[in-house]
Amino acid sequence: MRKWVCVPSRVALVGASPREDRPVSGIQAYLQARGFTVYPVNPAYRGASLGGVPCLGGLEDLPGPVDLVVLFLSPEKQAEALHQVRRLSPTPVVWFQPGAENPLGAENLRREGVEVVEDCILATHKRLCGKA
């Protein structure tokens, strides 16, 4: 897991929001401050600047490969994002944040050979990589 969270990488945050009180906004700022390239993804905010970065409408709008797709969507809203993940090449690690847990979706991805993590990326980074 360290290879995904301790070395700055490219991360798509699905369910991004302009609301600073949302966990995704804090996590975006946290990752950006540590050198990660973050792509906020939410069709409702396509083109808006979120954390100084243009928000993408979907994973198909990514400018290139990403290492992680972090889901901030409830399971009933994940179908399209999970479909889009399967079309990405190379296939990124799919990270289910607390509140976005989807046992069936995660199991299906694992059966297809996709790496899956079910944990808080911020807490994992702090635990494994230090608080700096």
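Student: Which way do L68, V69, V70 and L71 point from strand β5, and are they buried or exposed?
Tutor: Please bear in mind that this is a predicted model. L68 and V70 point one way from β5 (residues 68–71), while V69 and L71 point the other way. All four residues are buried.

Student: Which strands pair with β5, and in what sense?
Tutor: Strand β1 (residues 10–14) runs parallel to β5 and is joined to it by 4 bridges. Strand β6 (residues 93–96) also pairs with β5 in the parallel sense, over 4 bridges. As for individual partners, V11 is bridged to L68 of β5, and V70 is bridged to W95 of β6.

Student: What do β5, α3 and β6 make together?
Tutor: They make a β-α-β unit that is right-handed, with helix α3 spanning residues 79–87.

Student: What does L59 touch?
Tutor: Not counting residues up to four places away in sequence, L59 touches A12, V14, V41, V69, A81, Q84, V85 and L88.

Student: Changing topic: where does E118 lie, and what is it in contact with?
Tutor: E118 lies in strand β7 (residues 116–118). Leaving aside neighbours within four places in sequence, E118 is in contact with F96, A106 and R110. The side chains of E118 and R110 are joined by a polar contact of 2.9 Å. The C-alpha atoms of E118 and V70 are separated by 9.8 Å, although these residues are 48 residues apart along the chain.

Student: Why is E118 classed as partly exposed?
Tutor: E118 has a relative accessible area of 39%, and the partly exposed class applies because that value falls between the 20% limit for buried and the 50% limit for exposed.

Student: On to the cysteines. How many disulfides does the structure hold?
Tutor: The structure holds 1 disulfide. C6 and C129 form it, with their sulfur atoms 1.9 Å apart. The angle about the S-S bond is -85 degrees, and the link is left-handed. The pair links distant parts of the chain, 123 residues apart: C6 is in the loop between α1 (2–5) and β1, and C129 is in helix α5 (residues 121–129).

Student: How accessible are C6 and C129?
Tutor: Both count as partly exposed, C6 at 28% relative accessible area and C129 at 27%.

Student: What about C55 and C120, which are in no disulfide?
Tutor: For C55, the nearest cysteine sulfur is that of C120, 20 Å away. C55 is buried, at 3% relative accessibility. For C120, the nearest cysteine sulfur is that of C129, 12 Å away. C120 has a relative accessible area of 19%, so it is counted as buried, the limit being under 20%.

Methods. Residues numbered from 1 in each chain as written. Predicted model: local features only at pLDDT ≥ 70, side-chain atom pairs only at ≥ 80, totals over all residues. Heavy atoms only, no water. Buried < 20%, exposed > 50% of the residue type's maximum accessible area, 1.4 Å probe, protein only. Helix = DSSP H or I, 4+ residues; strand = E, 2+ residues; numbered from the N terminus. Pairing = 2+ DSSP bridges. Right-handed = clockwise from strand over helix to strand, strands pointing away. Contact = heavy atoms within 4.5 Å. Polar contact = N/O pair within 3.5 Å; in protein donor to acceptor, adjacent residues only side chain to side chain. Disulfide = S-S within 2.5 Å.
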